Every structure is written in structure tokens, then in C-alpha cells.
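Let's walk through this one together, starting with charged pairs and ending at a sheet. Keep the viewer open as you read.

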Amino acid sequence: MPHVLRTATPVTVTLAVAGGLLSAVPAVAAPVVEPPGWTPTTTLSATTDVARGAGVAADASGATTAVWVARDATSGSIFANRVVTRTHDASGWSTPVDLAAGLADVSRPVVVAGPGGRATAVWALGYKTNSLVVASSRSAAGTWSAPVALSQNLTASATAIDVDLDASADGTVTAAWVEDGVVVTSTRPVDGTWSATVAVSPADQYAYRTDLDVTADGSAAVTWRSNDRGAPPMPAPEDHVGAATRVPGSAWAEPVEVAATDDVGDPVVAVAPDGTTTLAWPDTTVEGGSLVSARRPVGGSWSAPETVATGAVGQAALVALPDGRVTAAWTQDVAAGSYVAYADRAGSTWSSATSFYPVSGAASDVSLVVDASGSTAATWVNRDPAGRPFVQVARRPAGQGWVAVDDLTGPITDRQLPSPEPQVAWDGDGNLTSVWSRINGVDNVVQTRTFDAVAPTIVSVDAPARARTKDRVTYSVTASDAWGPVSATWRFSELSPDAGTSVHHTYTRPGTYNVRLVVTDAAGNETVRFVTTKVSWARPGLKVRTNRRAIHRAGSSRSPRKVRARIALTQGAKVTVEVKRAGRSRTVARVTKRLAAGHRTLRLSSRIGGRNLAVGRYTLVVRAKNGHGASRTVKVPLRVKR
């Protein structure tokens, strides 16, 4: 069944771009429509945990991995943290696994998927005097390695360590983080060991934010935001946007300063399959602010910065599609509210900025992901008029436009508490999984929903090819779905369908019946199959009841001399009554009548078939027969008296 768009369709509003202004923006309350195509909400973390900071990744086989930080709510110590993971495959979500326990302050873990069910998670730890970056990897066998320190004895606190992670198609993983003001990287080949760290940003600048992107062939780019080391507080130090690139099989190129202005936001980077690298960053140097980008073809130089959109841009995200297009998304404040907007670059120009959905609160935490086919998804935190955040996701299937904005949660936190920090990931089947933290002081958990793009699979159907009327026949189906239980309905007529993976049915009329089977998964996807059953009449059903068991012989002056045999038939049939001496097999007399279905009466006397019955005991043997077969034999005793 194709997914149906939400009742309230997404509103698109052209935002301010270079040279233009946004004149009017409608205020829209938070929608409450349950999004079609999404599985029900599942809580991944234990109810006894205080959980936060979830990340998610998925591979081509459909294996999806979630990681988060948790601590035992009963411990009373905010430093008794654990890094926890769960993996979803054909058997559902695995039990939680602690990657590391009893840790100090833990940053939000980052996770990336590799081929064959592999995955790698990286996080930062902060102690009173130093910090370090730690990684753990899951093998193809499904076991996680002991945590490995990628860097040690850092003087920066954990909150100052910005970690990013990405992987190429062969499973080679690259991690980048800020280490005491310098962006460093480390690489790990599939099932190998981590390399020594490599500094990629200038030592004379202090970096404090980084973003990394790696393509399928191993091309990579990293960007950062930095300022001049040792600059006095006043005047404010100059902000820099820097970048370094790496071609497959080579070391990182020398860092390049892409822009230097008075005030920039955190830059983001995307690398196209041909190696073209694009940067984007908020810039508040110009009054009112803007989103700025620059690009560099393989072997070329960085272009001059160009404006994508004007306005108060808060935070941006960037992805490169397989066809070379680049999509940017960002949060933007205008007079009437806060928006998440997007624009596409195809060739040399950016499209007009367009909003996903206007809101009255402050949007935040926008991110973008793209899969190998080009399907794109954006997620962010929206807020209702009371300022309470909720999670939204927009999807753009490959080759199409944005088809929906789905509300995955209701308002889930008090506005004074941390953001849900949603993340999304595509798997190889086109399923999109979202994870977020639900923190409201009571339910401090990590939750997930999946946009299930694949209808359930019907493994086998057991249905009778032939049946007879009045028979109770059984229909059953075996079906499965990767993201939850399935239900089945069978429609035998225009009446209400029978529900269940195994049902019974009785036909009352002969004919050829096309039974419609619908198997539905937890997200509402349907798989339909028809099975045919040819129904014929069953052999006639027969019941016989007489009003008396004794009559007087023919010619007697006594009464009664007749017996009434009441015959019930399920079908019209030829009814034969044979009279036999009790205990003997020879037929003494016989009478045959063709009777219609229903209740009919035969009047019998001691003279049957032209013969007078002598005094004695007899058995009436009654049978019905038509073109569908013969009924069971019914025997009724009868006594003939003088």
C-alpha cells in the first residue's frame, strides 16, 4: 500500500534570500496527526536508566545500531555513566549492551555503520584534569570490542571535544575531533586497528567545532571553526572557517582558510561522489545574518563565499546526493517565528530557500542524511506555543520532492530541560529510523520510530483449493516484517473480513471464490494476495423422524394404519425408503420420491410398493442421493401389528 501523506500537508514558504525579504509568515500550531508509515514508538533504554544523547546508523543489509549515554537512576551519581547500544536486525531489537561502564562525564556518542553488520562508536570522556576520545567496534560476528583510547591526557574538558565519524563503502572508518584546539583525525580499516592521530588544522588557531564527511570511495573533507590563539578578549578575535581534504589512498592535504570574518557559526561539509567539496556556515558579519557557502572541485581551489540565504541563521546541515546535487538545511528566525529551511544546489547556483513547516517556537537541532539511492531526510526539534519541543522528520524519496513532514512525538520535555537531539538513518531497504531522548524529569529514556518503507513478506499461505458447502475449512498465512508484528485479514465476501493469521470459514453456496488476504505491518504497509477456492455442493444432508413406531397391517379395522416420516434435506435429492425385516438384509419393499430441499413428509402404510407387509418388526432404511453424492443412511424401526 503506498504511504498516504498527512492530513495537514506541509506548508512551503519562500524565505528571505539575497536581495529579498520575507513579508508575512502564518503561525501554525503543532500538528497532532499520527504520521502514516511509521512504526509505534519503542523505548530502547531501560526504564531504570536516565538516558540521553542518542545516535543511530544503518547499513545496506538493514542492520540498524543505536547508541546512547545512560546511568542508573538509583545510583545517585551523575558520573556513573555507561555507553549503551542496541542493534536491530530481522529478529528485532537486541538486548542492550554496555560498551563501557562507570565512566566520567560522557559526550554524546557518534556511531557509523559498516558492511556486514559492522559498526563503530566513538565518544569523549571528561575527567577533572583531562579528557580522552574512546572508540568501540562491532565485528561481523556481532560482538563489540573493548573500548580503545584514540587520544589521551587532553587538557580540554569533554564538553569541548567535538567528535565526528564517517566511513567509506569498504568499512574504513575515519574519526575527527578537536584536541586542545587542534582538529585531529584517526583512521581504522575494516577489522583493523586505529592509526596514529594526525593534526589537520593550523596550530596557530584555536579550533572548537568540526564536521567530517567521507564518500563511498574514501574521499574525505573536514572543516572547522576557529579563532586566533592568544587574541585578547577585546576586540573579539577574528573567526576562521578552515578545511582540509583527502583523496583515496593519500594523506590529508594542507589546511586551507576558506573564510575569515568577525563572526561565523559552525561550518558543515559535504563531499560529492566526484570529490567536489562544499562548505556552508552561518555568517553574522552582515547585518541580519546569512548562510554562506563555498565549494572546491577536485584539484581546484576554493571559490569565493556566496550567499545561500539571508536572515538570522542559527545552525546548518549539509549533504551531497549521488547525482552531485547538494542540499542545505538550517534554522532561521524571522519576525513571526522560527523555521527550518532548505535549498538545493545543482550546478553553479543555489535554489530559493524554502521552509519545511512554519512554527511559532524556536526550531533547533537540524540534521540531514542521504542514502545511496539519493533519498534524503531531515530531522529537527520544533516547539509548540508553550515552548515544549517535539521531533519532526521530513522525507524526500530519490527523484522526488519532499513528500511529508511527520510529527514523531507530542511535546516531550519541559522547555527548561535538554533538547531531544533527534538523529535519523537510512538502511539499504529505504527504511528510515529516528532516535531521540525523551527527558521530562520522569521519563528519561531513549526512544525510536522507523518509517517502514517495505511491506511485509508473505512466506506461505495454506488455503484449500477445493471445498464443499457446509464444510469448515481453514485458511492460514505465515508472514514477517523486519520492523514489528504483522496482522492478517481474509475477505470472503462483502461482509466484515475475518481477522487472524489462521481463520476458519464455511461456505453455504457452491462457486469459485477469490479470497482476498491482506497482511499489514506495524507501520500500516499492506501486502495483498488472492487465493482461489472452488466450492461444490456437499452431499445432501438427511434427517428422518417418524411420528410413531407401530402401525396396524393393511385391511385391519384398527388404527393407526399409516406412519408419517418427516424428512429434512439440505439439498434436493432422490429419497429412497427400503423396508427390511429386522435383523435381515433382504429388502421386502421399496419406495422412491424426488424431494426438494427443506422439510418434507412421506406418508407410509403397511402396503408399500404394491406389497402388503406381514405382521412383524421391520427397519426403514432411508437414503438421499443427488449429483453431489449420497447422504448418510438413516435407519428407523417400524412394527406392523394385527
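Glutamate 578 and arginine 623 form a salt bridge, with 3.2 Å between the closest N and O atoms. The two link distant parts of the chain, since glutamate 578 sits in strand S47 (residues 573–581) and arginine 623 in strand S52 (residues 616–626), 45 residues apart. Keep in mind that this is a predicted model. With a relative accessible area of 10%, glutamate 578 is buried, while arginine 623, at 36%, is partly exposed.

A search of the whole structure turns up 14 salt bridges. One of them joins aspartate 49 to arginine 82, the closest N and O atoms lying 2.6 Å apart. Aspartate 49 belongs to strand S2 (residues 49–58) and arginine 82 to strand S4 (residues 81–89), so this pair ties together parts 33 residues apart in sequence. Both aspartate 49 and arginine 82 are buried.

Arginine 225 and aspartate 239 also meet in a salt bridge, at 3.8 Å from N to O, and both are buried. They are part of a salt-bridge network that links Arg209, Arg225, Asp239 and Asp266.

Now for charge on the surface: Arg561, Lys562, Arg564 and Arg603 gather there in a positive patch. Lysine 562 is in strand S46 (residues 562–569) and counts as exposed, because its relative accessibility is 52%, over the 50% cut-off.

Last stop, an open antiparallel sheet of 4 strands, ordered S12-S13-S14-S15. Strands S12 (163–167) and S15 (198–199) are at the edges with a single partner strand each, so one side of each has no neighbour in the sheet. S12 pairs with strand S13 (residues 173–179) over 5 bridges, and valine 163 has tryptophan 177 in S13 as its bridge partner.

Technical notes
Residues numbered from 1 in each chain as written. Predicted model: local features only at pLDDT ≥ 70, side-chain atom pairs only at ≥ 80, totals over all residues. Heavy atoms only, no water. Patch = residues over 30% accessible without salt bridge, like charges linked within 9 Å, V, L, I, M, F, W, Y side chains within 5 Å. Areas by Shrake-Rupley, 256 points an atom, 1.4 Å probe, with all protein chains shown as cover. Salt bridge = Lys/Arg side-chain N within 4 Å of Asp/Glu carboxyl O. Lys, Arg positive; Asp, Glu negative; His and termini not counted. Charge placed at Lys NZ, Arg CZ, Asp CG, Glu CD. Buried < 20%, exposed > 50% of the residue type's maximum accessible area, 1.4 Å probe, protein only. Pairing = 2+ DSSP bridges.
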